[in-house]
Amino acid sequence: MPDTTHTHGARDSSLTEATHPLAPLTSAEIERVRSVLDRAGELRPDTRFPLQVLLDPPKASLAQWTEGNPLGRRVLSTLLDSETGRVREAVVALDDDRLESVETLPTGEAPFGQPPYLFEEYELVDEVVKADAGWRRAMEARGIEGLERALVVPLAPGQFNEPDEVGKRMMRSLTFMPPAEGDNPWSFPVEGLVLLVDVTERKVVKLVDERQVPLPQLDANYDDASVGERRTSLKPIDIRMPEGPSFSVDGNEVVWEQWRFRIGFSMREGLVLHQLGWQDGEELRPVMHRASVPEMVVPYGDTSETRRWISYFDAGEYNLGKNANAQQLGCDCLGAIHYFDAHVAADTGEPITIPRAVCMHEEDYGVLWKHRELDGETTHGRRSRRLVVSYWATVGNYDYGFFWYLYLDGSIQFEAKATGIVFCGADEPGAILPHATEIAPALFAPIHQHIFCARLDFDIDGTDNYVDQVDLVRVPMGDANPWGNAFGYRRDRVSEATGVLGDGAVGRTWHIGSSSRTNAVGRPTEFQLIPESKATLMADPSSTVHDRATFATKHLWVTSHRDDDLYPAGRYPNQHSGGSGLPASVAAGGDVDGADLVVWHSFGLSHIPRPEDWPIMPVDYSGFWLKPYGFLDRNPALDVPEAGGSCGCVGDTCGCGGHDTGDGDGYDAHHGHHGDDGEDHVAVR
């Protein structure tokens, strides 16, 4: 039943015991994993946990699982011995607290690869760089004092097959020098200075001092004291749900209207949606077995030595989930909120809790459907609403929001939000640079991209799915098109594992459908993936980032389902030579026509920075839609009730709070208020 006691504010969920195979890891389970490894003699004083994930049960066995049976939960821990660089993978079975396997990874051999970075390694790099005599001389040569105030940024180094880098755990470091303690450091880059640090040996192995450029002279702070008095013109928006939210939560299972799903969380991927289905009468129809955004890449287009190596994999190198924010009511989410805590392994393997890591709430979304009848007086309409499930992660200077939206009409939307602070260099004021733009005097932001990859394990009415590419088609003027107005569409079946590009010029979409179920008009039940089809990876095909981030070179990939195939750039893209992830999945082949398949969708932003992005960037958006296309036999939202009364209008008598001015928000243009009671609020039922 919906939680009718939760009418405003926040309610938190923090799982203490797993009751389903797909429940997120609990603190107790993380402690048990560490204890098992310790008892087995696998933990040394320097052993660290750069990655720990719950292994999803095989899809076939999960389909057979029933409540009361063993959960079959298995946890993969990547173990790093920090003094030697040895990397192992250990799997612990939680049903009987048993060490199932331990394997040493050949990270010193091609194609190499390293686990994600530890939080403690950020501090280590800071200490190593600030103690380095070469760095101190370079800073002093620039006339920079107060070196203890410097921000030394530890960064994934990329992979260029250079002999002094491959097979070792390395980080590069750039320096920023804020004018005073507490100032925003990101607008004060020490241009031309980059260091390479051997994290295992704890020493600087290379220092490049390309050139000296004065620090920008700017007021880059954006706190209240710097910005001054806040504007007073904005009036409050009061969101109230007097009868509580329409969703219910049982452990990690969520029910909202026709939607049913489970919330998962991984220190690598962050938010995961499991077993997403649509309740169609008495039948729960599967739509997606698993949905997540397991990787993203941020390649820079700058050729300077300071930044030519930048191509961050924010999940595979830094662990998006581990960097999740503890969200705040009224800031990250607004309304009647349900929060879910996340539990992840600390560097040393003990559990840490990220409170309120996942936020869930409902939002009004304008008009759902509307029509004025032929009599010119009667209007029928309904308000749309969506369920929002989201989390935020901060990786260094950038902040990313990952938002899933479920709609009353059966649609699904994903939206990535990018904000935070643009990563900058310095140059002469007024300089025209080929790969960077001046966003403030002497402050230059390199051109770069943020390309995300969603993994969508579809089960449209079962696992016997297919993918069709659908394009609009022009018809040449002639016998088949005598007036020149005709156009049509074509479907092309994706018959083998592959990657394909989008094409906005022909309205390209992809339809994922059932090979065995049909709808009321005798056509297969489908969902339609509607992409943005923006720029793919701009790096040259012969570059190392192209090899490592091949997933970003196509908008859509289709592969055969494999239980352990979760990461588009492989499990360890950090310092990897490339070829792992989707290239390997495509090469492995497998049936994707009428079979259990996975769709991977790459999308994102190409950022040519502007002055308005400084000193902190307004949110940029990118994402995609999934819409039912013959999955249902008619509009499933006909029975949605009117909002706040009747949305039907006859003559001058209207519901929904006054005359509709055409913008769909029910605002009374004559009286200047919402509703008929004179109060400045919108009541949503």
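Modeller: Happy to. In the second largest cavity, the lining residues divide into 8 nonpolar, 3 polar and 1 charged. Here nonpolar covers Ala, Val, Leu, Ile, Met, Phe, Trp, Tyr, Cys and Pro, charged covers Asp, Glu, Lys and Arg, and the others, Gly among them, are polar.

Colleague: Before we go on, what kind of model is this?

Modeller: This is a predicted model, with local features needing pLDDT of at least 70 and side-chain atom pairs counting only at pLDDT 80 or more, while totals for chains, interfaces and linings use all residues. Residues are numbered from 1 along each chain as its sequence is written, and side-chain values use heavy atoms, leaving out hydrogens and water.

Colleague: Good. Which residues line that second largest cavity?

Modeller: The lining is Ser13, Leu15, Pro24, Leu25, Asn252, Ile263, Phe265, Phe340, Asp341, Ala342, His343 and Val358. E14 and E18 are the elements that give two or more residues to this lining, and E18 has the largest share, with 4 residues. Those labels are DSSP runs numbered from the N terminus: helices are H or I runs of at least four residues, and strands are E runs of at least two.

Colleague: And what is its volume?

Modeller: The second largest cavity has a volume of about 130 Å³. A volume is the space filled by probe spheres set on grid points, which are joined across faces, edges and corners.

Colleague: How do you tell a cavity from a pocket?

Modeller: On a 1 Å grid over the protein atoms alone, a cavity is a set of points where a 1.4 Å probe fits but cannot get out, whereas a pocket is an open set with protein on both sides within 12 Å along at least five of seven lines; lining residues have an atom within 4 Å of a point.

Colleague: How many cavities are there of 30 Å³ or more?

Modeller: There are 8 cavities of that kind. The largest cavity holds about 190 Å³, and 19 residues line it, with Leu25, Val53, Leu54, Phe265 and Ser266 nearest its centre. Strands E2 (47–55), E14 (259–266), E15 (270–280) and E18 (337–345) each supply at least two of the lining residues. By class, there are 11 nonpolar, 5 polar and 3 charged residues around the largest cavity.

Colleague: What about the second largest pocket, what lines it?

Modeller: That pocket has about 820 Å³ of space. Its lining has 33 residues, and Glu89, Asp564, Asp565, Tyr567 and Arg571 lie nearest the centre. E2, strand E6 (112–114) and helix H7 (582–587) each give two or more residues to the pocket lining, and the largest share, 3 residues, comes from E2. The classes come out as 13 nonpolar, 9 polar and 11 charged.

Colleague: Changing topic to cysteines: which ones form a disulfide?

Modeller: The structure holds 1 disulfide, which joins Cys333 to Cys359 with an S to S distance of 1.9 Å. The cut-off for calling a disulfide is a pair of cysteine sulfur atoms within 2.5 Å. Cys333 sits in the loop between strand E17 (311–313) and E18, and Cys359 sits in strand E19 (residues 351–372), so the bond ties together parts that are 26 residues apart in sequence.

Colleague: Is that pair buried or exposed?

Modeller: Cys333 is buried at 2% relative accessibility, and Cys359 is buried at 0%. Buried means under 20% relative accessible area, exposed means over 50%, and partly exposed is in between, using a 1.4 Å probe and protein chains only.

Colleague: Last topic, then. What is the strand order in the open sheet of 3 strands?

Modeller: The order is E23-E25-E24, with antiparallel pairing. Strands E23 (425–426) and E24 (436–440) stand at the edges with a single partner strand each, so one side of each has no neighbour in the sheet. To count as paired, two strands need at least two DSSP bridges between them.

Colleague: How many bridges join E24 to E25?

Modeller: E24 and E25 (residues 443–446) are joined by 4 bridges, while E23 and E25 pair over 2. Leu443 in E25 is the bridge partner of Ala440 and also of Ala426, and Phe444 is the partner of Glu438. The hairpin of E24 and E25 has 2 residues between the strands, and Ala442 there takes a positive phi near 75°.

Colleague: And which residues cover the faces of E25?

Modeller: Leu443 and Ala445 are on one side, Phe444 and Pro446 are on the other, and all are buried.
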